[in-house]
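Look at the fold before reading the notes.

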Amino acid sequence: MQELLPIGSVVLLKDGIKKIMIMGYMAMEKKDSNKIYDYCGCIYPEGLLSSEQSLLFYHQQIEQVYFEGYKGEEYTLFQTQLEEIQKQLEKTNESIDTLE
């Protein structure tokens, strides 16, 4: 599992034209709660103008990192918690895959 970028990081997605600022983790689409994305972001520098403008994306979709957000003590602890959640989700997905 890769370490997720901290909140506030600014990235460009593959085939993207606008920079994106990371503002959250482990987000789901309203219409498809089976997909859990690594990040939730907003366009940079405009920010979140409405809830319909938030972007959900995976770490693998990042082409370039322009700025890496603050990594304090809280981030380190939270990163550990996120890793545990991701492991649990992977186990759940593996169980679902074997049932199909």
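Strand 1 (residues 10–13) and strand 2 (residues 20–28) run antiparallel and are joined by two bridges. Two strands are said to pair if DSSP finds at least two bridges between them. Helices (H or I, at least four residues) and strands (E, at least two) are DSSP runs, numbered from the N terminus. This is a predicted model, in which local features need pLDDT of at least 70 and side-chain atom pairs count only at pLDDT 80 or more, while totals for chains, interfaces and linings use all residues. Residues are numbered from 1 along each chain as its sequence is written, and side-chain values use heavy atoms, with hydrogens and water left out.

**Strands and their partners**

- Six residues lie between strand 1 and strand 2, and the two strands form a hairpin.
- Strand 2 also pairs with strand 3 (residues 36–43), in the antiparallel sense and over seven bridges.
- Within strand 3, Ile43 is the bridge partner of Ile20.
- Strand 1 pairs with strand 5 (residues 62–67) as well, antiparallel and over four bridges; in strand 5, Gln64 is the bridge partner of Leu12.
- Val10 and Leu12 point one way from strand 1, Val11 and Leu13 point the other way, and all are buried.

**Overall make-up**

- The protein has five strands and one helix, and along the sequence they follow the pattern β-β-β-β-β-α.
- Of its 100 residues, 29% count as buried; buried means under 20% relative accessible area, exposed over 50%, and partly exposed in between (1.4 Å probe, protein chains only).

**The helix and what lies across from it**

- Leu82 is in helix 1 (residues 73–99), and Leu82 counts as buried because its relative accessibility is 4%.
- The C-alpha atoms of Leu82 and Glu3 are separated by 9.4 Å, although these residues are 79 residues apart along the chain.
- Gln86 also has its place in helix 1, and Gln86 is buried because its relative accessible area is 8%.
- Between the C-alpha atoms of Gln86 and Ile36 there are 9.7 Å, with 50 residues separating the two along the chain.

**Aromatic rings**

- A pair of aromatic rings is described by the distance of the centres and the angle of the planes.
- Rings of Phe, Tyr and Trp (its six-membered ring) pair if their centres lie within 6.5 Å; planes under 30 degrees apart count as stacked, over 60 as edge-to-face and the rest as tilted.
- How many aromatic pairs does this rule give? The count comes to four.
- Tyr25 and Tyr39 form a tilted pair, at 6.1 Å centre to centre and with 45° between the planes.
- This pair links distant parts of the chain, with Tyr25 in strand 2 and Tyr39 in strand 3, 14 residues apart.
- Tyr25 counts as buried because its relative accessibility is 13%, and Tyr39 counts as buried because its value is 0%.
- Ring pairs link Tyr25, Tyr39, Phe57 and Phe78 into a cluster.
- The charged end of Lys19 sits over the ring of Tyr66, 4.3 Å from its centre; the rule asks for NZ of Lys or CZ of Arg within 6 Å of the ring centre and within 35 degrees of the ring normal.

**Backbone angles**

- Most residues other than glycine have a negative phi, and most peptide bonds are trans.
- Asp15 has a positive phi, near 65°, and is found in the loop between strand 1 and strand 2.
- Is Asp15 buried or exposed? Asp15 is exposed, because its relative accessible area is 80%.
- Met26 is not a glycine either, yet has a positive phi of about 50°.
- Met26 has its place in strand 2, and Met26 counts as buried because its relative accessibility is 19%.
- The peptide bond from Tyr44 to Pro45 is cis, with omega near 10°; Pro45 lies in the loop between strand 3 and strand 4 (55–57).
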